[in-house]
Amino acid sequence: MGKNKTRSKSALKQNSVTAENKRLSDDGNINFTFKILSAIGIIIIVSGHCYNGGVSLMYDWFPKYSYNLALFVFISGYFYKEKHEEHIFKYIWGRTKRLLIPAYLWNIVYGIIAFALTQVGYTIAQGKFDLYNLFVMPFIDGESFAYNLGSWFVYPLFCVYVFNILFRKLLKKVHRGNEYVILAVYLAIGIFGVQYCIWNPAPKGALLLLFRSMFFLPCFEFGRFYHEKLEKHDNLNSVAYFAIVLGVQLLLLTFCENLEYTPSKCVKFDNGCVIPYVTAITGIAFWLRVAKLITPIIKNKKLVRMISDNTYSIMIHHIFAFMIVKWAFRGLSVITPLFKDFDILKLKSTIWYIYRPNGLNFYCIIYLAAGIFIPILIGTVTHRIFEFMKEHTLKSMQKNKSDR
């Protein structure tokens, strides 16, 4: 009691959000703030592909394509642990199983779907159903089958994981394993990559993979650097915090014409090679504090956990989920007097056709919901099938051993 009474006024005024978040992160080893941040991030990505999903999440202040993918790479970097460097190949194999193998398997599935739809007049998928587009294209493009184009993100992220752990191991061998050094090196790589793409827009083939990965590398280190150096100091009063972030963003909006860029194609870096990383930081900073503030309120909501635990599935399947919604609108336009302005030619020719009755963007909330929950359903069903097959295989192996 005596110690509590003698606390300084500055300590009493310290933002309680950070302390609460630290407590929560130790609750069952679940970092609820980053769970919520992941859920927010994937909603922003899905809504960005369907006219904002009929809602606005501060998009006027923070244009979604100025930070949305950087946010996900930041989260990945945050959870990187130094202990991974003790078993490099185990770490790489783990990322291969979690990221690459599922993406490749789904690419085969969507290749079959694309081939089947091509037979009935759909021209959306440009890639042929061949070995190149099944096994090589995903790494150097990732968009040929279109219906799973969100999976392009997996491959440069995997490259970032591999480069990061190898580079850190190398630095340790020369006794230079310092987060400040790593941040400087990764920023230099990223800035050079962006500048190259300004000089030579839209690189193709292996160069596209290279510059996608180079762009993401600093974003990954932002997460690691925040975890190691900044998080313990992240206790500024929220009023002052938002005033600083919004103030910086206001300056960016004032002096930059268009803050959005396109990492998937490495184009539209209209404000130079540094601003994309500044907007990534402001966007991440804004939503990170929002996530911290709402963590005590919604941390136990099953819906939030469901979304945050299925971001991989949502990233891969949400475009196809949009197709399911469009097919539903098409069916209703055929069997009812409704939705007669539905354009069947656009449905078959472009993946980006988002049908909105009477042009009302409010209907995009349907696409947003479908883009979230249909992939969750797909992920849940396939996971249960895999677990059933795994269990059945193990039982068969045990039975064969016992019969010998």
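Lys268 sits in the loop between H11 and H12. Helices here are DSSP runs of H or I with at least four residues, numbered from the N terminus. Lys268 has a positive phi of about 65 degrees, although it is not a glycine. Most residues other than glycine have a negative phi.

Before I go on, a word on the source. This is a predicted model, where local features need pLDDT of at least 70 and side-chain atom pairs count only at pLDDT 80 or more, while totals for chains, interfaces and linings use all residues. Residues are numbered from 1 along each chain as its sequence is written, and side-chain values use heavy atoms, with hydrogens and water left out.

Lys265 is partly exposed, at a relative accessible area of 36%. On this scale, buried means under 20% relative accessible area, exposed means over 50%, and partly exposed is in between, with a 1.4 Å probe and protein chains only. What does Lys265 touch, leaving aside its neighbours within four places in sequence? Glu143, Ala202, Pro203 and Leu208. Contact means heavy atoms within 4.5 Å. Pro201 is 64 residues from Lys265 along the chain, and their C-alpha atoms are separated by 8.3 Å.

Glu143 comes up again. Its side chain meets that of Arg212 in a salt bridge, at 3.8 Å from N to O. A salt bridge is a side-chain nitrogen of Lys or Arg within 4 Å of a carboxyl oxygen of Asp or Glu. This pair links distant parts of the chain, 69 residues apart. Glu143 is in the loop between helix H7 (131-140) and H8, and Arg212 is in helix H10 (residues 206-230). Buried or exposed? Glu143 and Arg212 are both buried.

How many salt bridges are in the whole structure? The search finds 11. Take Asp234 and Arg289, whose side chains meet at 2.9 Å, N to O. Asp234 is in the loop between H10 and helix H11 (238-255), while Arg289 is in helix H12 (residues 275-298). They are 55 residues apart. Both are buried.

Now Lys172 and Glu82. They form a salt bridge, with the closest N and O atoms 2.4 Å apart. Lys172 lies in helix H8 (residues 154-173), and Glu82 in the loop between helix H5 (68-78) and helix H6 (88-118), so the pair ties together parts that are 90 residues apart in sequence. Lys172 is partly exposed, at 36% relative accessible area. Glu82 is partly exposed too, at 43%.

There is also a network of salt bridges. It links Arg168, Glu179, Glu221, Arg224 and Glu228.

Stay with the H5–H6 loop for a moment. Phe79 is placed there. Phe79 counts as partly exposed, at 37% relative accessibility. Leaving aside neighbours within four places in sequence, Phe79 is in contact with Asn31, Phe34 and His84. Leu250 is 171 residues from Phe79 along the chain, and their C-alpha atoms are separated by 30 Å.

Next, helix packing. Helix H9 (residues 179-199) and H10 have axes that come within 8 Å and cross at roughly 150 degrees. Axes are lines fitted to C-alpha atoms, for helices over the stretch in contact, and angles run from 0 to 180 degrees between N-to-C directions. H9 and H10 are therefore roughly antiparallel to each other. The cut-offs are under 35 degrees for roughly parallel, over 145 for roughly antiparallel, 65 to 115 for roughly perpendicular, and oblique for the rest. The residues of this H9–H10 contact divide into 18 nonpolar, two polar and five charged. Ala, Val, Leu, Ile, Met, Phe, Trp, Tyr, Cys and Pro count as nonpolar, Asp, Glu, Lys and Arg as charged, and the others, Gly among them, as polar.

Which residues meet? Ser38, Ile42, Ile45 and Val46 in H4 meet Thr311, Ile314, Met315, His318 and Phe322 in H14. By class, that is six nonpolar, three polar and no charged residues.

Phe339 lies in the loop between H14 and helix H15 (344-349). Phe339 has a positive phi of about 60 degrees and is not a glycine. Phe339 is buried, with a relative accessible area of 17%.

Conventions. Helix = DSSP H or I, 4+ residues; strand = E, 2+ residues; numbered from the N terminus.
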